Amino acid sequence: MVLDTGSELSWLHCKKAPNISSIFNPLLSSSYSPIPCSSPLCTTRTRTLLVPASCDPNKLCHATVSYADASSIEGNLASETLYLGNSSRPGTIFACMDSGFSSNSEEDSKTTGLMGLNRGSLSFITQMGFPQFSYCISGSDSSGVLLFGQESLTWLQPLNYTPLVQISDPLPYFDRVAYTVQLEGIKVSGKILPLPKSVLVPDHTGAGQTMVDSGTQFTFLLGPAYTALKNEFIQQTKGILNLLEDTNFVFQGAMDLCYRVPSSRPSLPQLPAVTLMFQGADMVVSGERLMYRVPGMMRGGDWVYCFTFGNSDLLGIEAFLIGHHHQQNLWMEFDLAKSRVGLAEVRCDLASQRLGLVD
């Protein structure tokens, strides 16, 4: 399943399709129970979903979920008994999906569903009642870790914590169940970008929050912050990297800073690190995490690489999103009891070994 700290509803594919390799078949489960639209679960508990639940022709609760990458999926809300560790959790709510549109069907075909991990009432973490969860996303290998509950790990360096930003009044553009943190500044190498504070904080409508979103691949910044970062990065990589200089090419619709790198080159040159400065904690993006090679795209004998920060304005999103690419090899702790997010650098493959998850 895709682990998504940016959304609430967990779901499984329940209908066979050519591009889906594994599905959940509710007909084979005696504890599966679809939720009728008359249920309070359907009418009230779904209020924090982006698209309110509706009623299908069979009078069942119909859920539609859409994501930042323009993909969407729909199906029925249902309850099921879930087994986690050695305990059973009857009445766990999820969605059984039967149709949808994907912007990355090749990647989606590898998964059976999605685990919603935000702070909404229907999210997996809220339903299970865990006070915290942590994860480590590995780089190229698949040695990631997901840990539910509290655990003191002696081999982990101390975490730096940043408080969650909470707003009590509902605002039209503010997602109150997201993991919102306060971005206080951005550094390129040692140089802090001259950004006014007003650019980095939510405005009176709630637009401009900074969300830690494991369900989004890259990191997206609102226009003024993105432009300042892009210009400074271009400045500091002059003579190190060659710009693609193709105004028509924008990777994934929002990443317009791309470079040509000779395919004969074994690795990328030394690049200036980008530091996202949060209240109480910094996230340093360096080396290969700054660049992403566009699959299958070449110009002459050069690979095309794009800068892994994009422009939220081009996505039509009124927020800063910190995606999973920049969370690689960081221990990320989401502490719901103390309303904070902690992070520390760690090698995920070693973390997996220490936890006894791999030989």
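The legends below describe close-up views of a predicted model.

In this predicted model, local features are reported at pLDDT of at least 70 and side-chain atom pairs at pLDDT 80 or more, whereas totals for chains, interfaces and linings use all residues. Residues are numbered from 1 along each chain as its sequence is written, and side-chain values use heavy atoms, with hydrogens and water left out.

**View A. A salt bridge joins Asp246 and Arg299.**
The side chains of Asp246 and Arg299 meet at 3.1 Å, N to O, a salt bridge being a side-chain nitrogen of Lys or Arg within 4 Å of a carboxyl oxygen of Asp or Glu. Because Asp246 lies in the loop between strand 17 (242-243) and strand 18 (258-262) while Arg299 belongs to strand 21 (residues 291-299), the pair ties together parts that are 53 residues apart in sequence. Strands, here and below, are DSSP runs of E with at least two residues, numbered from the N terminus. Asp246 is partly exposed at a relative accessible area of 22%, and Arg299 is partly exposed at 28%; buried means under 20% relative accessible area, exposed over 50%, and partly exposed in between, with a 1.4 Å probe and protein chains only. A search of the whole structure finds six salt bridges.

**View B. Asp302 and Arg260 form a salt bridge between two strands.**
The N to O distance between the side chains of Asp302 and Arg260 is 2.9 Å. Asp302 is buried, with a relative accessible area of 17%, whereas Arg260 is partly exposed, with a value of 29%.

**View C. Asp335 and Arg340 meet in a salt bridge.**
The side chains of Asp335 and Arg340 meet at 3.2 Å, N to O. Asp335 is buried, with a relative accessible area of 4%, while Arg340 is partly exposed, with a relative accessible area of 22%.

**View D. Lys59 and Glu245 have positive phi values.**
Most residues other than glycine have a negative phi. Lys59, in the loop between strand 4 (54-55) and strand 5 (61-66), has phi near 60° and counts as exposed at 61% relative accessibility. Glu245, in the loop between strand 17 and strand 18, has phi near 50° and is exposed, with a relative accessible area of 70%.

Within the pairing, Phe133 stands opposite Phe148 in strand 10.

**View F. Thr162, Val181, Val212, Phe278, Met283, Val341 and Leu343 line the largest cavity.**
On a 1 Å grid over the protein atoms alone, a cavity is a set of points where a 1.4 Å probe fits but cannot get out, and lining residues have an atom within 4 Å of a point. The lining divides into six nonpolar residues, one polar and no charged; Ala, Val, Leu, Ile, Met, Phe, Trp, Tyr, Cys and Pro count as nonpolar, Asp, Glu, Lys and Arg as charged, and the others, Gly among them, as polar.

Key
Helix = DSSP H or I, 4+ residues; strand = E, 2+ residues; numbered from the N terminus. 1 Å grid on protein atoms, 1.4 Å probe; cavity = no way out; pocket = protein on both sides within 12 Å on 5 of 7 lines; lining within 4 Å. Pairing = 2+ DSSP bridges.
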